[in-house]
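Biologist: I have not looked at this one before. Can you put it up and take me through a few contacts?
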Amino acid sequence: MVESPGTDLISTELGVRPGKVIAIHLNYRSRAAQRGRTPAHGSYFLKPSSSLAASDGVIERPSGTELLVFEGEIALVIDTPAHRVEPELAWSHVGWVTAANDFGLYDLRYADRGSNLRAKGGDGFTPIGPTLLDARTVDPMALRLHTWVDGELAQSDDTENLLFPFAELVADLSRLSTLERGDVILTGTPAGASVVHPGSVVEVQVDSLAPGRPVSTGRLRTTIVEGPKLATVGAPAKVDAALRADALGTAVAPVGRAVSPVPAEVRPAAGVLASAVPDELLARLGSVAVATLSAQLRRRGLNDVSVDGVHPARPGSRFTGRARTLRYLPHRPDLFDERGGGFNAQKRAIESVGPGEVLVMDARGERGTGTIGDILALRAQVRGAAAIVTDGGLRDAAAVAELDIPVFHAGAHPAVLGRRHVPWEIDVAIACGGTTVLPGDILAGDDDGVVVIPPAIAEEVLTDAVEQERQERFVTEQVAAGASVDGLYPLSGSWLARYQHWLGTQ
């Protein structure tokens with residue numbers, strides 16, 4: 001069951017029932033970039049106070065629904081009433097800061113679009129806590145928000161990346177309405193919000209980044225459970241491809257342009273690619289040299305599927321895996337301000353890549369700055385990624401060479417990302433090393449380089465590549481014994497019969 005009204009942190013600690021819960025639609029630059037629009041002013045919606053709940057509670061996803069979305073947030077709790085206050089005085093009316101989760105059932109979002117009453121107003125849909133931080137002890141511009149799902153980091157951003165500082169929110173909201181003691185302001189969520197399912201555990205934490213002020217809310221913990229079906233009265237649950245992409249956080253648009261829904265088969269959520277190409281096929285492809293695979297691809301008219309200009313950080317590295325993609329654009333200060341900080345596309349790519357997957361980066365062949373370094377490469381390794389391939393620069397080259405994960409790059413460079421690149425979007429079609437890579441394509445790499453194999457022909461390419469290597473083994477033995485390559489390489493004439501006899505002895 002969900003937490004019952006009256007058990008929230010504010011009612012318990014302050015002895016007052018919050019009259020209003022006010023939430024802002026967009027406030028982090030990373031989230032605005034994901035949504036494809038940057039508002040000039042804040043816009044808000046109300047949540048009922050009955051949606052408040054305490055930490056270590058549960059939230060029900062109604063049976064038959066699909067898109068329950070978490071949104072880790074920082075919550076402000078008003079202490080002294082605020083009415084028509086100026087921004088420079090607004091923070092003095094905030095008594096406490098805590099962690100919050102602005103859950104929403106996207107299946108019902110269409111029914112009250114904008115107001116979010118049914119989608120976000122359910123009992124228990126606004127857990128807060130577990131502790132209240134005294135607002136006087138924190139710097140509102142030096143706070144960090146983290147959200148974990150089942151122990152995996154999903155969101156991370158700092159309040160320096162807000163579109164509208166906290167004091168501005170308080171001043172704006174107090175222009176016409178009085179903010180009263182106990183009222184809650186949800187200050188927005190960064191990029192990384194996505195769908196959770198029954199059995200998932202979501203944790204949110206707020207920490208101070210100010211020097212000498214190491215305070216933390218601790219982790220606000222909520223478990224998702226299966227609830228009863230929605231009653232048949234009123235608007236039914238409804239989901240389509242665009243809504244699903246929006247809820248999953250996979251539809252990323254250029255700044256200032258509308259988000260275009262991306263089909264799930266092209267722009268998958270983490271883990272979806274795992275079923276596209278069997279692990280057994282990847283393992284067998286890994287036993288074949290890349291040069292052999294390249295020859296077989298060329299025989300099928302695919303002579304431009306090599307990722308040119310890249311080499312392994314550690315000689316002897318080899319891999320096969322399914323492509324996950326990350327695209328960089330040329331650096332531009334205003335765009336880097338929009339998408340360069342916080343939980344940007346680069347970090348989202350690292351935090352979503354999984355076993356059997358290769359993170360492939362489109363850096364336009366620009367080697368004048370690093371596109372991956374030792375810490376992020378290590379994180380990809382810990383997550384089980386098969387490899388990283390970038391046609392851009394590599395930082396911390398010696399440290400990366402010591403890792404287990406294969407990393408293929410275009411050249412070492414000490415500079416950080418913001419010198420030449422803006423991390424733009426993930427899991428879209430990209431160009432890497434002069435060839436096209438789609439999410440779900442198969443990549444194979446060794447000391448000879450990296451090739452891209454369309455999944456539809458992977459099995460036949462493998463079959464013929466294995467046969468080619470058998471023939472080349474036979475040819476190698478004959479050449480080593482002194483035979484001329486005339487008629488032997490490639491096999492023809494009498495050598496074909498000798499090869500068949502040789503096969504029978506193996």
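Predicted model: local features only at pLDDT ≥ 70, side-chain atom pairs only at ≥ 80, totals over all residues.

Biologist: Start with the helices. At what angle do helix 8 and helix 13 cross?

Modeller: Helix 8 (residues 290-299) and helix 13 (residues 458-480) cross at roughly 120 degrees, and their axes come within 9 Å. Since angles of 65 to 115 degrees count as roughly perpendicular and those over 145 as roughly antiparallel, helix 8 is oblique to helix 13.

Biologist: Is the crossing left-handed or right-handed?

Modeller: The crossing of helix 8 and helix 13 is right-handed.

Biologist: Which residues meet there?

Modeller: On the helix 8 side they include Leu 293, Leu 297 and Arg 299; on the helix 13 side, Val 461, Asp 464 and Glu 472 are among them. By class, the contact has five nonpolar, three polar and four charged residues.

Biologist: Changing topic: how many salt bridges does the structure hold?

Modeller: There are 28. One of them pairs Asp 158 with Arg 144, with the closest N and O atoms 2.6 Å apart. Asp 158 lies in strand 11 and Arg 144 in strand 10, 14 residues apart, so the pair links distant parts of the chain.

Biologist: Is Asp 158 buried or exposed?

Modeller: Asp 158 counts as buried because its relative accessibility is 12%, under the 20% cut-off. Arg 144 is partly exposed, at 28%.

Biologist: And what about Asp 134 and Arg 136?

Modeller: Their side chains meet in a salt bridge, 2.7 Å from N to O. Asp 134 is partly exposed at 24%, while Arg 136 counts as exposed at 73%.

How values were computed: Residues numbered from 1 in each chain as written. Heavy atoms only, no water. Axes fitted to C-alpha atoms, helices over the stretch in contact; angles between N-to-C directions. Helix = DSSP H or I, 4+ residues; strand = E, 2+ residues; numbered from the N terminus. Parallel < 35°, antiparallel > 145°, perpendicular 65-115°, else oblique. Left-handed = near helix turned anticlockwise from the far one by under 90°. Contact = heavy atoms within 4.5 Å. Nonpolar A, V, L, I, M, F, W, Y, C, P; charged D, E, K, R; others polar. Salt bridge = Lys/Arg side-chain N within 4 Å of Asp/Glu carboxyl O. Buried < 20%, exposed > 50% of the residue type's maximum accessible area, 1.4 Å probe, protein only.
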